[in-house]
Amino acid sequence: MNCNFENTEVEPFLKMSFIIDKLRQMIHTSSLSQAQVALMDSLSKRQEKSLFVVSRLTVTKPEGITLTELAERLHMTVPATSVLVESMVRKQLLLRVTSSKDRRAVCIKISPLGEEIHHNCCTKIEHITNSLVQDLDSAQKQAFRDVIRHLYNKLFEEENLSRTLFK
């Protein structure tokens, strides 16, 4: 069976998936050392997302976040999140630290290596994004943001995912 999606609503989504893959490749290869590229390439999409989530959430909670908080944000079970965090700790991207508020509790933070990689990737994302949209006028940029926001909200609302990073 030949799937021809040219000039259909499916075509932009297929192109978007290729664009995202290309952006990911560009970000990794141009902003990281060879060892860091190998490390990032060894991560699953969920592990890579967890690095972003922990970094973003610890901006307001520098002491770290709980395993339960991370599990909720990743839409995973706590045991599965614990396994994911342990794998990220072994790769030296995340840290488990004792909570300063409750010595029995453990918080998750981004490690110095994880922070360096995340910072380099964010800087490159901003540079690449700005270069891709520089020839669009402000109305086109706003329309693009509106469409992406609509799709994001629709996907997460349909899955009953009430707690996301961008709401």
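Biologist: How far apart are the end C-alpha atoms of helix α5, residues 78-90?

Modeller: In this predicted model, the end C-alpha atoms of α5 are 18 Å apart. That agrees with expectation, because 13 residues at 1.5 Å a residue should span 18 Å.

Biologist: Which residues of α5 are buried?

Modeller: The buried residues of α5 are Thr-81, Leu-84, Val-85, Ser-87 and Met-88. They cover an arc of only 160° around the axis, so they lie on the same side of α5.

Biologist: Why would residues three or four places apart point the same way?

Modeller: An α-helix has 3.6 residues a turn, which means that residues with that spacing point the same way.

Biologist: And what is exposed on the other side of α5?

Modeller: Pro-79, Val-83 and Arg-90 are exposed there.

Biologist: Now the ends. Which side-chain oxygen reaches the backbone nitrogen of Ala-80 at the start of α5?

Modeller: A side-chain oxygen of Thr-77 comes to within 3.2 Å of that nitrogen. Beyond the other end, α5 is followed by Gln-92, which has a positive phi near 65°.

Biologist: Changing topic: where is Thr-58, and is Thr-58 buried or exposed?

Modeller: Thr-58 sits in the loop between α3 and α4. Its relative accessibility is 12%, under the 20% limit, and therefore Thr-58 counts as buried.

Biologist: Which residues does Thr-58 touch, not counting those up to four places away in sequence?

Modeller: With those set aside, Thr-58 touches Gly-64, Ile-65, Ile-108 and Lys-109.

Conventions. Residues numbered from 1 in each chain as written. Predicted model: local features only at pLDDT ≥ 70, side-chain atom pairs only at ≥ 80, totals over all residues. Heavy atoms only, no water. Helix = DSSP H or I, 4+ residues; strand = E, 2+ residues; numbered from the N terminus. Expected span 1.5 Å × (residues − 1). Buried < 20%, exposed > 50% of the residue type's maximum accessible area, 1.4 Å probe, protein only. Arc of directions from axis to C-beta. Polar contact = N/O pair within 3.5 Å; in protein donor to acceptor, adjacent residues only side chain to side chain. Contact = heavy atoms within 4.5 Å.
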